[in-house]
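User: I'm new to this one and have a few quick questions. Can you walk me through it?

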Amino acid sequence: MAFTRATGKHRLPSRMTRTTRRTVGVAALATTGVVGTLAAPAFAAESEIEQTGPLKAVTMGDTVAQEIDAQAVAQRQAAEQAVAREKAEAAAKKRAEEARAKAEKELEAKARAAREAERKRLNAYTAPIAGSYVSTSYQAGGGVWSSGSHTGIDFHAASGTAVHAVGSGTVVEAGWGGSYGNQIVIKMVDGTYTQYGHLSSIGVSVGQTVTPGQQIALSGATGNVTGAHLHFEARTTAEYGSDMDPVAYLRGHGVNV
């Protein structure tokens, strides 16, 4: 007995039928040219869907790379800044050291100049009476002097005129000196001696050191004199009779008299 398969309206077409129809439909579309139009978008859409995952991965990878590059740039900049700071600090330190060395050099030069100036000042000589002149020369003859001649020179000076040490030295006598009246004898730094006589007052004491131009007394008319003046002697010792030419002595030390 033979059976016939029902093909009612509610029964779905078989798989073979569906496949056949799809093939026929595609062929028809290809014949009409529509498939060329529809296929591209369909395939493009499918391709776009399929590429969504890889594109996202690529995008994430680029972001990480950019972050790494940014970190590398930041590190390089930080390193360059550190090097620049080190160079700047080294340069500043060098400048400070150079400035300190220069300042020390200048201070030493000033100190050396000051010492030299002081040395020159202490070795300098000056006239015993400022702005005066020799009124009686060395070894002038006459009965006024017990030795028969003048053992020093006289500087014109009114009583009370300032008397100065002609150079650096140490006071070895200060007081009454007989015919010299009030007198001062100074041992000079070069080993010679100078004497200042007929003083109205004495301003130094034995053992005191004096410097060139320092005021040591006031002129007067004490002792064996005929009027106020300053008697000045240059000697090889502190004692009377060791006199030498006072004008030559002063001129030998640069004093114009």
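User: How many residues of strand E9 are buried?
Analyst: Seven of the seven residues in E9 (residues 229-235) are buried. Buried means under 20% relative accessible area, exposed over 50%, and partly exposed in between, with a 1.4 Å probe and protein chains only. Strands (E, at least two residues) and helices (H or I, at least four) are DSSP runs numbered from the N terminus.

User: What should I know about the model itself?
Analyst: The model is predicted, so local features need pLDDT of at least 70 and side-chain atom pairs count only at pLDDT 80 or more, while totals for chains, interfaces and linings use all residues. Residues are numbered from 1 along each chain as its sequence is written, and side-chain values use heavy atoms, with hydrogens and water left out.

User: Back to E9. Which residues point which way?
Analyst: His229, His231, Glu233 and Arg235 point one way, and Leu230, Phe232 and Ala234 point the other way. In a regular strand the side chains alternate between the two faces of the sheet.

User: Which strands pair with E9?
Analyst: Strand E2 (residues 153-156) pairs with E9 in the antiparallel sense over four bridges. Strand E6 (residues 193-202) is also antiparallel to E9, over five bridges, and E10 (residues 243-244) pairs with E9 in the antiparallel sense over two. Two strands pair if DSSP finds at least two bridges between them.

User: What is the bridge partner of Asp154 in E9?
Analyst: That is His231. His231 is also the bridge partner of Gly197.

User: And where is Ser242?
Analyst: Ser242 lies in the loop between E9 and E10. Its relative accessible area is 11%, so Ser242 is buried. The side chain of Ser242 makes a polar contact with the side chain of Thr237 at 2.8 Å. A polar contact is a pair of N or O atoms within 3.5 Å; within protein, one must be able to donate a hydrogen and the other to accept it, and residues adjacent in sequence count only if both atoms are side-chain atoms.

User: Changing topic: how many salt bridges are there in the whole structure?
Analyst: The search finds five. A salt bridge is a side-chain nitrogen of Lys or Arg within 4 Å of a carboxyl oxygen of Asp or Glu.

User: Is the one between Glu233 and Arg235 buried or exposed?
Analyst: Glu233 counts as buried at 0% relative accessibility, and Arg235 counts as buried at 3%. Their closest N and O atoms are 2.9 Å apart.
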